[in-house]
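Please take me through this structure stop by stop. At each stop, say what to select and what is found there.

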Amino acid sequence: MATATVAATAPLSNGFLLRRGPNEGAKSARSLQRTKNQRQSASSRRFGAAVITAKFDLKPPPYPLNALEPHMSANTLSFHWGKHHRAYVDNLNKQIVGTELEAKSLEDIVIQTYNDGDLLPPFNNAAQIWNHDFFWESMKPGGGGKPSGELLKLIERDFGSFEKLCEELRAAAATQFGSGWAWLAFNPRPSDGKELLVVKSPNAVNPLVLGYIPLLTIDVWEHAYYLDYQNRRPDYISIFMEKLVSWDAVSAKLEVAKAQAA
Amino acid sequence: MAFRALLTRRTLAAASGLGANGGVATSFRGLQTFSLPDLPYDYGALQPAISGEIMQLHHQKHHQAYVTNYNKALEQLHDAMSKGDAPAVVKLQSAIKFNGGGHVNHSIFWKNLAPIQAGGGEPPKGSLGWAIDNDFGSVDALVQKMNAEGAALQGSGWVWLGVDKELKKLVVETTSNQDPLVTKGPSLVPLIGIDVWEHAYYLQYKNVRPDYLKNIWKVINWKYASEVYEKECP
C-alpha cells in the first residue's frame with residue numbers, strides 16, 4: 001500500500017501526514033522545478049533608479065472558466081481563480097518586494113519559507129499560488145476515465161489496482177480535516193520501492209516541501225466546492241474523480257518526474 | 001425523542017446547566033452521547049447579517065455531522081478502552097478533538113448570536129463592558145482587534161473573546177480547525193467565538209471574510225457573553 005498514512009508515518013508538527021523523505025529529496029525536487037521558471041513573469045520597468053517589478057503573474061487555467069461546467073461551475077472558477085488565487089499572487093508580490101526572495105523561483109520560495117515546518121509569512125501565499133496553478137492543471141474539460149500506459153502500470157504496481165488508488169485518494173480528500181489538499185505524488189527515492197503515494201496536507205502545505213514530486217491534486221478547502229456542493233465534500237470528490245481529473249496531465253508529470261529521478 | 005420534545009427552544013437556550021455540551025445527552029451502555037441542540041431562533045432571524053441558507057446548512061449539516069461523528073468516535077473509544085487497546089485509543093484522539101471540538105464550539109456559537117429584536121448587536125453593559133474598556137480601550141477597539149485576527153487566520157478556525165478565569169483578564173485568541181479555546185490555555189473560558197471556517201460565510205460573503213466579520217457584530221449576543229463573564233468574574 002502506497003498511502004502516506006501507514007504506520008511507518010510520523011506526523012509532523014504541522015499535521016502533514018507523510019512518510020519522511022531523505023533530505024537529498026528536497027534538493028532534487030528544487031532542481032526539477034527549475035523548468036517551471038518559464039511560467040514566471042519578470043515584468044519590470046525602470047523608472048530612474050526605481051525598479052517596479054510584478055514578480056509573479058496570475059496564470060489562467062488551461063481552459064475557459066466555464067469549461068468545467070456543470071461539474072465545477074464558472075461561478076466557482078470566477079471566485080476561486082479570480083479572487084482567491086489572484087489574492088495569493090498579489091499578496092506574495094507585495095511580501096517579497098525588496099527581499100532576497102524576489103530573486104528566487106516560486107518553488108524555491110515555497111521550500112525556503114516552509115522552513116522545515118516553522119512556516120515563514122510568505123509560505124502561505126507562495127505555496128497556495130503553486131498549489132492552485134497545479135490544481136487547474138490537474139483537471140480538464142471531459143476529464144475522468146482511467147489512466148493508461150506507464151502511469152497505469154505504476155498505479156497497479158504500487159496500489160494493486162486503479163480502483164484501490166481511487167479509494168485512497170477519495171479517502172485522503174474526505175478525511176483532510178479543515179482546509180487542505182489531497183495528492184498523488186512521486187517519491188524519487190522510495191525506501192520500499194513504491195514510487196507512487198497518496199498524501200493529504202493541511203492549509204497550504206504540499207508534497208514539494210518533503211522532496212516528493214506532485215502528480216495530481218484536489219483542493220479540499222471549502223471555497224473549492226462550497227458554491228457548487230455546499231457541505232457535500234464527498235460528492236465533490238466523486239465528481240472530481242469521475243468527470244474532472246486529467247490523467248493526461250498526471251502522465252505528463254510522471255514522465256518528467258521519472259526522467260529527472262533517473 | 002420524547003424528552004427533547006418537552007423542551008421548547010427557549011428553554012433549551014436558557015438551560016445553562018447544559019453548559020458547553022450543548023444538546024441533550026442520553027445514556028447508552030453507560031456511554032453519554034450527544035445530540036444537536038436546537039437554535040434559540042429561526043434560521044432566517046439573523047438576516048441580513050447571516051443568511052437563512054447559511055444558518056440552516058451550518059446547523060443541520062455541519063454541526064449535525066460533528067455530533068454524529070463525535071458520538072461514533074466516543075463509541076469506538078469506549079470499545080477500545082474496554083479492550084485495553086492503547087494504540088486504538090490514541091488513534092481516536094484526533095477524531096474526538098475534531099468532532100467533539102466542532103460540537104463544543106458550535107454549541108457556544110449559536111448562543112453567541114441573537115436576532116436584533118432579541119438584543120443582538122446591543123453593546124455589553126455592566127462589568128463586561130467595563131472590563132472591555134479597561135483591557136482594550138473600547139468595544140470598537142476590541143471588535144477591530146478580533147476582526148483583524150479573524151481575517152488573518154489562515155485556513156479554518158475560530159476567533160475568540162475569552163476570559164482567563166485565574167487572572168480575571170480578557171483575552172483575544174484564535175484557534176485552528178475545531179480546537180476549543182481551552183487548547184490555548186486551561187483557564188480560558190470562551191465568551192464569544194466567531195466561526196471563520198469558509199462554510200460560516202461563503203455562500204453570502206464569498207472570499208470577503210472581512211465583510212462577514214464586520215457584519216456579524218450586528219447579531220452578536222453580548223447578553224450571553226456578559227452572563228458567562230459575570231459567572232467567572234463575580
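Helices (H or I, at least four residues) and strands (E, at least two) are DSSP runs, numbered from the N terminus. The model is predicted, so local features need pLDDT of at least 70 and side-chain atom pairs count only at pLDDT 80 or more, while totals for chains, interfaces and linings use all residues. Residues are numbered from 1 along each chain as its sequence is written, chains are lettered from A and ligands numbered from 1 in the order in which they are written, and side-chain values use heavy atoms, with hydrogens and water left out.

**Stop 1: the sheet of chain A**

Select E3, E4 and E5 of chain A. These three strands form an open sheet with the order E4-E3-E5 and antiparallel pairing; two strands count as paired if DSSP finds at least two bridges between them. Strand E4 (196–202) and strand E5 (213–219) of chain A are the edge strands, each pairing on one side only. On average, neighbouring strands in this sheet are turned by 25° against each other, direction ignored.

Now keep E4(A) and strand E3 (residues 180–186) of chain A, which pair in the antiparallel sense over seven bridges. For one of these positions, pick Ala185(A): its bridge partner in E4(A) is Leu197(A).

**Stop 2**

H6(A) lies across E3, E4 and E5 of chain A and runs at about 10° to E4(A). Axes here are lines fitted to C-alpha atoms, for helices over the stretch in contact, and angles run from 0 to 180 degrees between N-to-C directions. Contact means heavy atoms within 4.5 Å.

Which residue does the side chain of Lys253(A) meet in a salt bridge? The partner is Glu137(A), at 2.7 Å from N to O. A salt bridge is a side-chain nitrogen of Lys or Arg within 4 Å of a carboxyl oxygen of Asp or Glu. The pair links distant parts of the chain, 116 residues apart: Glu137(A) is in helix H4 (residues 122–137) of chain A and Lys253(A) is in helix H9 of chain A. Over all chains, the structure holds 15 salt bridges.

**Stop 3: backbone details in chain A**

Most residues other than glycine have a negative phi, and most peptide bonds are trans. Select Glu69(A) and Pro70(A): the peptide bond from the former to the latter is cis, with omega near -5°. Pro70(A) sits in the loop between strand E2 (50–54) and helix H2 (74–96) of chain A.

Gln230(A) is in the loop between helix H7 (226–229) and helix H8 (233–244) of chain A.

**Stop 4: the sheet of chain B**

Move to E3, E4 and E5 of chain B, an open sheet of three strands in the order E4-E3-E5 with antiparallel pairing. Strand E4 (169–176) and strand E5 (188–195) of chain B are at the edges with a single partner strand each, so one side of each has no neighbour in the sheet.

Strand E3 (residues 157–164) of chain B pairs with E4(B) in the antiparallel sense over eight bridges. Trp160(B) has Glu173(B) as its bridge partner in E4(B), and Gly162(B) stands opposite Val171(B) in E4(B). Helix H6 (residues 126–136) of chain B packs on the sheet and touches E3, E4 and E5 of chain B, its direction making about 80° with that of E4(B).

In the hairpin of E3(B) and E4(B), four residues lie between the strands, and Lys168(B) takes a positive phi near 55°.

**Stop 5: a cis bond in chain B**

Select Gln47(B) and Pro48(B), where the connecting peptide bond is cis with omega near -5°. Pro48(B) lies in the loop between strand E2 (31–33) and H3 of chain B.

**Stop 6: where the chains meet**

Finally, show both chains: 17 residues of chain B are in contact with 15 residues of chain A. The area buried between chain B and chain A is about 1,700 Å², with carbon and sulfur atoms giving 62%. Buried area is the accessible area (1.4 Å probe) that two parts lose on being put together, summed over both. Select Gln154(B), Glu198(B) and Tyr202(B), which supply 32% of the area that chain B buries against chain A, more than any other three residues.

Between chain B and chain A the count of salt bridges is zero.
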